[in-house]
Amino acid sequence: MRLPLSQDQPPLLADPARMVVSAGVERLAFADSYGLFHQGRQDLVALNATADHIWQAIAAGRDTGEVAAELAAQDPAAAPFVADAVEQWLAGGWMLPADVAVALEGEPHACLELCILDIGFSIETYGAAPPAGVLEIFQPLAGAAAVRHRLQVAEWRGRYVLVIDGFCRGLFAPDAIAPSLKGGLTNRLTASVADGFLAHGALVAGPRRLFLSGAPGAGKSTLALALGQAGFQCLSDDIIHVDPRGHMRGAPFPPGLKTGAWPLLASVIDGLDAVPIHRRADGQFVRFLPSQVSRGDAGALDAFVVLDRRAEGPAEILPLSGLEAVHVLLASAFAAAGRISAEQVRGLAAAFAAARCLTLRYSDLPGAVRALRALVPDE
């Protein structure tokens, strides 16, 4: 199998281009140094004297070719610094192409409105559409709600600029734009949910509603999708909303399946090998499976299951105290206000007192599915 390589792209600045400074970016001058601050990214970086000179020239409206020629006249070896610096600034969202900035002020070519946990989003595309299949990944999230967050995507020289709520997030290769959109949606969602809090985990439902928790690599997504093929509904493989009563509701983002899970699920999910491959910002390759997740209402939890993946050994279910289960849940929790109230935790304790709290120790996926299926009585 050949994985796509985001690096396999032609040079961005083979032809000169004009740039504009992204919204919320400020150049800072100190007594002995220079820096840039990006409000949208909440990031501060240093500039050396050459980089600061390039920044100021580009920000003043001179195109990249003019600035490179000026540097080459002073030092022929310095000319490539312009392309290197501008490409880094584009990748990080510090600058964006001037023609893209103009396009984003106009009407979008297409718009997909989404509703996630009752919060409205829009994905708007300008000029050339994103690569085939990208918008389809998010189609199951479509819904009507007052739009609170705009994600704008514009093609430029074979790559894609992403702007979220007016702040540029960067320039992305074709195989990286879908994960970047999902990351942007997730980031804005976590900052917007005011009622209750969000937690990291997977939620499946059927005769019983199960919350799967565990450390990264414990297999939450893989197990949730496998359970989805064994009679459950996968309601989320990533983000769970916990309301003030302690009821759980999944944010039905398209599951992003990493490479290690592909062979495990190839035999149970038809056509998995044909699903396009995308590259996340952390370099991981993923396949998105929007058809494998369902929307669901908030509901009381039947079981909270902490996954403990081992190298070998049979699958076994072990008891877990309610106190320890709540501790595990809160360790992965995020509240938009920055804190979880005592009242919320009282509701959570009451919900967990009525639910089973368990540890699933397992080494193979079929054994884990059988163990969790055994929790559900035959009807």
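**Salt bridges**

D243 is buried, at 7% relative accessible area (buried means under 20% relative accessible area, exposed over 50% and partly exposed in between, with a 1.4 Å probe and protein chains only). D243 takes part in a salt bridge with R245, in which the closest N and O atoms are 2.7 Å apart; the term denotes a side-chain nitrogen of Lys or Arg within 4 Å of a carboxyl oxygen of Asp or Glu. The structure is a predicted model, in which local features need pLDDT of at least 70 and side-chain atom pairs count only at pLDDT 80 or more, while totals for chains, interfaces and linings use all residues. Residues are numbered from 1 along each chain as its sequence is written, and side-chain values use heavy atoms, with hydrogens and water left out.

Ten salt bridges are found in a search of the whole structure. One of them joins E70 to R62, with 2.9 Å between the closest N and O atoms. Both partners are partly exposed: E70 has a relative accessible area of 22%, and R62 is at 30%. A network of salt bridges links D308, R310, E316 and R361.

**Strands β7 and β8**

A salt bridge also connects the side chains of R150 and E124, at 2.7 Å from N to O. Because R150 belongs to strand β8 (residues 147-156) and E124 to strand β7 (residues 119-126), the pair ties together parts that are 26 residues apart in sequence. Strands here are DSSP runs of E of at least two residues, helices are runs of H or I of at least four residues, and both are numbered from the N terminus. R150 is partly exposed, at 36% relative accessible area, whereas E124 is buried, at 8%.

T125 is likewise found in strand β7, and T125 is buried, with a relative accessible area of 1%. Apart from neighbours within four places in sequence, T125 is in contact (heavy atoms within 4.5 Å) with P108, H109, A110, P130, L135 and V153.

**Packing of α1 and α3**

Helix α1 (residues 49-59) and helix α3 (residues 80-92) have axes that come within 10 Å and cross at roughly 70°. Axes are lines fitted to C-alpha atoms, for helices over the stretch in contact, and angles run from 0 to 180 degrees between N-to-C directions. The two helices, α1 and α3, are therefore roughly perpendicular to each other; this class covers 65 to 115 degrees, with angles under 35 counted as roughly parallel, over 145 as roughly antiparallel and the rest as oblique.

On the α1 side, T50, A51, I54, W55 and I58 meet F81, V82, V86 and W89 of α3. The residues of this contact comprise eight nonpolar, one polar and no charged. Nonpolar covers Ala, Val, Leu, Ile, Met, Phe, Trp, Tyr, Cys and Pro, charged covers Asp, Glu, Lys and Arg, and the others, Gly among them, count as polar.

**Helix α11**

In helix α11 (residues 365-373), the buried residues are L365, G367, A368, V369, A371 and L372. These buried residues pack against β13 (210-213), α7 (220-228), α8 (262-265), β20 (303-309), β21 (316-319) and β23 (356-362). At the start of α11, the backbone nitrogen of G367 has a side-chain oxygen of D364 within 2.8 Å.

**F167 in strand β10**

F167 lies in strand β10 (residues 167-172) and is partly exposed, at 23% relative accessible area. Leaving aside neighbours within four places in sequence, F167 is in contact with A23, G24, Q39, G40 and L162. The C-alpha atoms of F167 and S192 are separated by 17 Å, and these residues are 25 residues apart along the chain.

Technical notes: A polar contact is a pair of N or O atoms within 3.5 Å; within protein, one must be able to donate a hydrogen and the other to accept it, and residues adjacent in sequence count only if both atoms are side-chain atoms.
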